[in-house]
Amino acid sequence: MRKLTAALTVGALALTVGACGKKNGGGDSAAAGKELVYRSSWGADEPQGKAIKALFDDFAKETGTKVDVKFVGRKGNDNLATEMAAGQGPDLFDTSTDTIDRFAAQNLAAPLDDVLKKRVPGEGMPVSEVLSKAVRGASSTDKGLAFVPHTVISTAVWFDAAKHPVKTPKTWEDFVAYLKEAKKAGRTPIGQDGTINFYNVYWFYSALVRANGEGSMKALATDPAAWDRPEVLEAAKKVEQLAAGGYFQKDFMATKFPAAQDGWAQGEYDLNINGTWLAGETKPKLAADAKVTSFQLPVGGKDSVEVGTLGWGVNAKGHNPEVAKEFLAFALKKKYARAMSEGALSIPARGDVPAPAHLAGIQQDVAGAKATHRTYDAAASDAKWWNDVFLPIDDKLVSGKSDAAAFVKDAKAATAAYLKNKS
């Protein structure tokens, strides 16, 4: 899942479907019967791919729809934007909280508020009632619902309670005290894959947005003056404290992924900050008696919880939009939500379907949150600023090559220059 999320998060817009080579649907679908075209970024042998294949097979069987599904994987998706703009893309495309703004900005994603009124077949409830407000928000733009999710993703600090029991820290001071104690005992407190820059940013991003809420990080991409806010320096100082304390493994900025997360799974490191896919990715490395669990980074303030989603968008220029919308309501049946939970070890978009045991805490955090924010606070929606301006400067902070004050100063100047050139 990390690979898919990374692709959808930080890559170019065209990241979902390989070239079709012909018009979507192959002609007049009304004359030929119902048709639906989907090219998946998942691999056919991945748990998510297997669950999705079963879902589409059921939809075809129960509705009489002719379904064209191909699993092209992460590398088969380079031409989606071009295809969709030319009317040659699929009816359904994979997307996420982080990328939907860019699809919507180019008018490639059909608005889906009308799907909210559809009833889930066989259950009677409308889509609007099976998806929580936070999940709908993570799947929307300012124009309304932009895609229908199947999976919820979030970020947390992970540990294996069987190897390293951790009393959940309630404050930043509690957290640092644990790190000091672990280091004093001869353990490495945190495993960090330092070559993955969008993992390194979890520390600053979480410290800032969990304390100050939605919009506090996104503002940094659009307004250089936002860097002068005291809470930005405060969050940066927390990251500086981690780097200066030596709590990451030796030479972590040269770690070849997935060495750090695998080392965490094998008990070499107590903690790893990561997405909800971590236990699934490291499952082969985890001990049979592992008890993976997590806690939210304790920074106080608003205690905002990240809510991101993965799901399906509808091609605004597709040939079969109404069939695609029919499918989206069908896909939200409990049966398929359970398949995502039990087979793919993911948090299902439906909050009334339990997540796997190791994700139950995050599912509860999302359900009970008084404040939520989207993945990376939507700051990654400006991919050039995110990749070329912000992430390299954040890497210097995490690595200890820059302190908090220099981080803020450099990022403000670089953002100002970027926005000036952009205009």
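**Reading the fold, step by step**

Reader: I'm new here. How much of the chain counts as buried?

Author: Of its 423 residues, 57% count as buried. Keep in mind that this is a predicted model.

Reader: What is the chain built from, in helices and strands?

Author: You'll find 18 helices and 14 strands. The radius of gyration is 22 Å, close to the 22 Å that the globule rule gives for 423 residues, so the chain is as compact as a globular protein of that length. Along its principal axes, the C-alpha trace spans about 70 × 55 × 35 Å.

Reader: And what share of the contacts joins residues at least 24 apart?

Author: Take the contacts between residues at least 6 apart in sequence: 78% of them join residues at least 24 apart.

Reader: Which residues touch the most other members of the largest nonpolar core?

Author: That core has 114 residues, and F204 and M217 touch the most other members. Helix 9, residues 197-212, gives the most to this core, with eleven residues. Leaving aside neighbours within four places in sequence, F204 is in contact with M217, W227 and F390, among others. There's also a second, separate core of ten residues, including I100, F103, L108 and F147.

Reader: How do I check a helix, say helix 3? What should its span be?

Author: Count 1.5 Å a residue: the 17 residues of helix 3 (47-63) should span 24 Å, and the end C-alpha atoms are 24 Å apart, which agrees. Next, look at which residues are buried: in helix 3 they are Q48, G49, A51, I52, L55, F56, D58 and F59. Their cover includes strand 1 (35-40), strand 2 (66-71) and helix 14 (321-331). Just after the helix, G64 takes a positive phi of about 75°.

Reader: Let me try helix 11. What does its buried side pack against?

Author: The buried residues of helix 11 pack against helix 8 (172-184), helix 9, helix 10 (218-222), helix 17 (383-399) and helix 18 (404-422). Those buried residues are V232, A235, A236, K238, V239, L242 and G245. Among them, V232, A235, A236 and V239 are also contacts of F204. For the length check, the 16 residues of helix 11 (230-245) should span 22 Å, and the end C-alpha atoms are 23 Å apart, which agrees. G246 follows the helix, with a positive phi near 70°.

Reader: What about phi in residues other than glycine?

Author: Most residues other than glycine have a negative phi, and most peptide bonds are trans. Now for the cases here. N107 has a positive phi near 55° and sits in the loop between helix 5 (100-105) and helix 6 (127-130). A378 isn't a glycine either, yet its phi is positive, about 65°. You'll find A378 in the loop between strand 14 (372-373) and helix 17.

Reader: Is A378 buried or exposed?

Author: Buried means under 20% relative accessible area, so A378, at 10% relative accessibility, counts as buried.

Reader: Where is there a cis peptide bond?

Author: Go from F257 to P258: that bond is cis, with omega near 5°. P258 lies in the loop between helix 11 and helix 12 (259-265).

Reader: One last residue. Which side chain makes a polar contact with T151?

Author: The side chain of H150 does, at 2.7 Å. T151 is found in strand 6 (148-153), and T151 is buried, with a relative accessible area of 0%.

Key: Residues numbered from 1 in each chain as written. Predicted model: local features only at pLDDT ≥ 70, side-chain atom pairs only at ≥ 80, totals over all residues. Heavy atoms only, no water. Helix = DSSP H or I, 4+ residues; strand = E, 2+ residues; numbered from the N terminus. Expected span 1.5 Å × (residues − 1). Buried < 20%, exposed > 50% of the residue type's maximum accessible area, 1.4 Å probe, protein only. Contact = heavy atoms within 4.5 Å. Core = buried A, V, L, I, M, F, W, Y, C linked by side-chain atoms within 4.5 Å. Rg over C-alpha atoms; globule rule 2.2 N^0.38 Å. Polar contact = N/O pair within 3.5 Å; in protein donor to acceptor, adjacent residues only side chain to side chain.
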